[in-house]
Amino acid sequence: MGPAVRGGPLCQGLDAVKIELTPVAPSMRSRPVYAPLEARPGKLHVIVADCAGAEAVTEMVDKANDRSAFLSAAHVMYCPGPTGTDLSAKLEALGAAQFFRAPTIPALLPRLVRVLSDARMGTQFYLAGTESLIGQAEREIMATGFPFASIQKEHRGSTLRRVQCVHCKGITENVATDPFKCSHCGLSLFVRDHYSRRIAAFQGVNIDAEDPGEVPDSVVRFK
């Protein structure tokens with residue numbers, strides 16, 4: 001008995017038919033997807049932002065159906081961006097129930113972890129600003145078991161990247177050029193669009209592995 005043909009007799013003879021496929025532009029499925037923030041019903045609103053993400057947050061609050069109720073249940077955490085953009089005063093002026101300003105992302109994350117330890121189901125999360133801040137905050141939230149659907153993300157401001165060298169596993173912050181030298185092992189790395197939520201970083205791959213020393217000039221791709 002010959003092999004079964006899926007789909008029955010309608011599929012027989014399919015091998016003899018020339019099928020024209022519509023070309024599809026290649027994409028990186030791991031690349032983060034962003035959308036404008038939207039105030040949602042929730043028991044607690046945890047807002048984490050840096051850089052120009054403050055503008056995304058204020059725009060969201062301005063569109064909230066009940067601004068006062070939203071802010072009375074909001075905990076806002078903010079730090080300046082990698083290029084020095086500091087809009088903390090704009091966020092503090094919103095009058096949220098709690099506001100915290102940190103000097104850097106590493107200084108902000110412990111505060112987020114403490115807030116997460118007390119958060120309950122029904123909490124809504126709003127992340128806005130640089131991809132570095134969004135990715136690291138999302139990683140902390142996901143580690144607690146909160147559903148992915150409760151996290152909103154909007155990219156604003158600097159496009160500087162957080163990149164992990166796939167060879168030494170070291171992470172370089174605020175990468176602007178491509179290629180660039182790994183700050184840990186010194187290899188010249190090509191910055192891929194492949195993104196890992198687990199480490200909240202893009203992937204950097206040795207660009208002259210096959211032809212040592214053949215490294216193209218660096219170009220500023222991220223600002």
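Colleague: Which element gives the most to the lining of the second largest cavity?

Modeller: In this predicted model, that is α5, with 4 residues. Helices are DSSP runs of H or I with at least four residues, strands are runs of E with at least two, and both are numbered from the N terminus. Residues are numbered from 1 along each chain as its sequence is written, and side-chain values use heavy atoms, leaving out hydrogens and water. Local features need pLDDT of at least 70 and side-chain atom pairs count only at pLDDT 80 or more, while totals for chains, interfaces and linings use all residues.

Colleague: What makes Pro32, Tyr34 and Lys153 lining residues of the second largest cavity?

Modeller: A cavity is a set of points on a 1 Å grid over the protein atoms alone where a 1.4 Å probe fits but cannot get out, and a lining residue has an atom within 4 Å of a point. Pro32, Tyr34 and Lys153 are listed in that lining, as are Glu131, Ile134, Gly135, Glu138 and Tyr195, so each has an atom within 4 Å of a point.

Colleague: Why are β3 and β5 called edge strands?

Modeller: Two strands pair if DSSP finds at least two bridges between them. The open sheet has the order β3-β2-β1-β4-β5 with parallel pairing, and β3 (98–101) and β5 (151–155) each pair on one side only.

Colleague: What makes β2 and β3 a pair?

Modeller: 4 bridges join β2 (residues 74–79) to β3; the requirement is at least two, so they pair. Val76 has Phe99 as its bridge partner in β3.

Colleague: How do you know that α5 packs on the sheet?

Modeller: Contact means heavy atoms within 4.5 Å, and α5 touches β1, β4 and β5. Its direction makes about 160° with that of β4, where axes are lines fitted to C-alpha atoms, for helices over the stretch in contact, and angles run from 0 to 180 degrees between N-to-C directions.

Definitions and conventions: 1 Å grid on protein atoms, 1.4 Å probe; cavity = no way out; pocket = protein on both sides within 12 Å on 5 of 7 lines; lining within 4 Å.
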